[in-house]
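Reader: I am new to this entry and would like to learn how to read its charged contacts. Could you show the model, and then go through them with me?

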Amino acid sequence: MVAVELEHPFSTAKPIDESFATILDLERVVPCVEGGSVLGTAGPGSVKAEIKVKMGAMSMTFTGAVEIVEQDAAAHRVVMRVKSRETGGQGYANADVAFELTNGGGTIHTNAQITGKAASMGEGVVVGVLDALINDFSGKLAAL
């Protein structure tokens, strides 16, 4: 298993309350992840989703759930939990993603655990792929 912890600052011109509302809208947020799509609603604050990820020469698809497990409007903090399994494989990719918003942006703190083929690529590759995904995501999030 590879465990990764990353922190990414991001900026946006949107008011903080608008950014908070946007992050709570999983139908809009999930597709901001490159290769990510919503497959359906699983309940309030939860969606079924999939992501297609390229790691080196391999492409993998993970399917699972994205759920909001914490939301604090006063602190402008949202925590999402991602639980996914590799389609056709034995691995999984789980993560807690915490958004802490400030005026003009905020930070995205990602704590991920990855197993299977993705983990076999090594921590350096996993960190590189996650880092690129989150940087791309934060740019798209700012534009929502």
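Author: Take a pair of side chains to begin with. In this predicted model, Asp-96 and Arg-81 form a salt bridge, with 2.7 Å from N to O. Asp-96 belongs to strand E6 (residues 92-102) and Arg-81 to strand E5 (residues 77-86), so the bridge links distant parts of the chain, 15 residues apart.

Reader: Are Asp-96 and Arg-81 buried, exposed or partly exposed?

Author: Buried means under 20% relative accessible area and exposed means over 50%, with partly exposed in between. Asp-96 has 28%, so Asp-96 is partly exposed. Arg-81 has 33% and is also partly exposed.

Reader: How many salt bridges does the structure hold?

Author: There are 6 salt bridges in the structure. One of them joins Glu-86 and Lys-117, whose closest N and O atoms are 3.4 Å apart. Because Glu-86 is in strand E5 and Lys-117 in helix H3 (residues 117-120), this pair ties together parts that are 31 residues apart in sequence.

Reader: Which residue forms a salt bridge with Lys-52?

Author: The partner of Lys-52 is Glu-50, and the closest N and O atoms of the two are 3.6 Å apart. Lys-52 counts as exposed because its relative accessibility is 51%, a value to set against the cut-off of over 50%. Glu-50 counts as buried, at 18%, and here the cut-off is under 20%.

Reader: Which residues are linked in a network of salt bridges?

Author: That network is made up of Glu-70, Arg-77 and Glu-100.

Reader: Now the backbone. What is the phi of His-76?

Author: The general idea is that most residues other than glycine have a negative phi. His-76 is not glycine, yet its phi is positive, near 55°.

Reader: Where is His-76 found, and is this residue buried or exposed?

Author: His-76 sits in the loop between strand E4 (58-72) and E5. Its relative accessible area is 14%, so His-76 is buried.

Conventions: Residues are numbered from 1 along each chain as its sequence is written. This is a predicted model: local features need pLDDT of at least 70, side-chain atom pairs count only at pLDDT 80 or more; totals for chains, interfaces and linings use all residues. Side-chain values use heavy atoms; hydrogens and water are left out. A salt bridge is a side-chain nitrogen of Lys or Arg within 4 Å of a carboxyl oxygen of Asp or Glu. Buried means under 20% relative accessible area, exposed over 50%, partly exposed in between (1.4 Å probe, protein chains only). Helices (H or I, at least four residues) and strands (E, at least two) are DSSP runs, numbered from the N terminus.
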